[in-house]
Amino acid sequence: MTDRKSQINFIFSSDHHWDALVTPVRASGLGAALDTASRGNKTLLLEKFDFAKGPSSISPKLVHGGGRYLQNGDISLVIEALQERDIMREKAPHLVSNLSFVMPSYDWWNNPFLWDWSKNLFHDGLRSGVIYQDGSFDDSCMTMALMRTAQTRGATLLSYIEVLDFIKTHDEGFSGVIIRENINNTPLENQSKVMINATVVFSDQLIQQDHSSAKAKIQSSEGVHLVLDQEFLDSDKAIMVTQTTDRKVLFASLRPLATGNNDAKKAKEGSRHREILLCTSRLVNILGGKWATHSKIAQDAIDTAYVMDGLAERKGDTPLLPIHGFEFENNNQNPLKSYVMDAQKVRALDKKGNQSLSNKLYLSKNQIIWSIKRDMVCCLEDVLSHTTSCLFLDAKESLAITPLAA
């Protein structure tokens, strides 16, 4: 079952008991659902909004080691992220690509490596620089690919499902959730042995819903990612600016930082290291983390879940599991490249449906139909902002073609 209607009917048709319930989606949640499903557990994943929405969608589109954490001496995080980045690239070479970064230096004592790529940098005082390699990817494409992979392993995934409350046993143990299907406003109870809380920056809400006296475990760190046209850079390399002269920071999006036992820790000092918190109620909480390490985070969370009674311990193959579309040869000139191996199926939906609705952005009738039927998209905003990124690339043009898209 890959369409939303079929999966809705499946969970509403009769009482279902699950081995593991995961909420919500994006990097850590999808990774957890894929990992536990690959181990043979009956898995249900619930997302309050669209699959490609949420904190992970406001990402820099990089699968990186986190070089800035070296400044804080967080070497172990960088090493792990680099290892996981390479694994991610091996599992999804069609979605993760190599990207060269230039790190300029204006101090004679830094970076004793000379290079000649400095066209768009301030030349006054520029002395040297280094080039290093990192990873680039499209988070929405990766989300949909992980979703497809989890489905092939037997996981049931549903968007626009909200968890309203927990169902507890007489000894306050977790036994299920009361949910609501937000499109038709329909409530339902689902039983589950364990629940994986992958709500990232909102993890404390579920933790405190489980135990009202629980202390906050997550501290939000705000930041911003700006999208610029490639003409601004005029190069196939990226620039890493390690420090601005005015030391100003713009704030927009949120990052989950595990505070550990130090409630007063400043956000800028918070660690992107993951932390798995196991509650006595059988609620497994994923704290912290990032896209590059989502697979390892998921594996650790499911390993932790096996500590509890009722969930049989099984080994999975997630670390070696290719992501959906693995054998597809990506063509950067293909406007449907984000659909990887499903691109031909998108074209075949309607022979006349492949013409773009816009001269500036590629958005076709077939893409919208596919998004509804296969990606379980429920509203036009999700098509424009998450499935295709049109709204991020050109908001004015996206609004102009909204009547045609609708």
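Guide: Glycine 316 counts as partly exposed, at 38% relative accessibility; buried means under 20% relative accessible area, exposed over 50%, and partly exposed in between, with a 1.4 Å probe and protein chains only. This is a predicted model, in which local features need pLDDT of at least 70 and side-chain atom pairs count only at pLDDT 80 or more, while totals for chains, interfaces and linings use all residues. Residues are numbered from 1 along each chain as its sequence is written, and side-chain values use heavy atoms, with hydrogens and water left out.

Glycine 316 sits in the loop between helix 6 (294–305) and helix 7 (343–348). Helices (H or I, at least four residues) and strands (E, at least two) are DSSP runs, numbered from the N terminus. In sequence, 277 residues separate glycine 316 from arginine 39, yet their C-alpha atoms are 4.4 Å apart in space. Apart from neighbours within four places in sequence, glycine 316 is in contact with Ser38 and Arg39, where contact means heavy atoms within 4.5 Å.

Ser38 leads back to helix 2, which spans residues 26–38 and also holds serine 28. Serine 28 is buried, with 5% relative accessibility. Beyond four places in sequence, its contacts are Ala198, Ile286, His294, Ile297 and Ala298.

Two other loop residues have a positive phi without being glycine. For glutamate 172 the angle is about 70 degrees. Glutamate 172 belongs to the loop between strand 7 (161–168) and strand 8 (174–181) and is partly exposed, at 46% relative accessibility. For arginine 282 phi is about 75 degrees. Arginine 282 is placed in the loop between strand 13 (275–278) and strand 14 (283–287), and its relative accessibility of 25% makes it partly exposed.

Four strands form an open sheet of mixed pairing, in the order 3-5-4-11; two strands pair if DSSP finds at least two bridges between them. Strand 3 (62–63) and strand 11 (238–239) are at the edges with a single partner strand each, so one side of each has no neighbour in the sheet. Strand 3 pairs with strand 5 (residues 128–137) in the antiparallel sense, over two bridges. In this pairing valine 63 is opposite glycine 135 of strand 5. Helix 3 (residues 75–91) packs on the sheet and touches strand 3, strand 4 (96–105) and strand 5, its direction making about 50 degrees with that of strand 5. Axes are lines fitted to C-alpha atoms, for helices over the stretch in contact, and angles run from 0 to 180 degrees between N-to-C directions.

The loop between strand 10 (218–223) and strand 11 contains leucine 226, which is exposed at a relative accessible area of 62%.

For the chain as a whole, there are twelve helices and 14 strands. Of the 406 residues in the protein chain, 49% are buried. Among contacts between residues at least 6 apart in sequence, 65% join residues at least 24 apart. The chain exposes about 20,700 Å², of which carbon and sulfur atoms supply 52%; accessible areas come from the Shrake-Rupley method with a 1.4 Å probe, and for residues only the protein chains shown count as cover.
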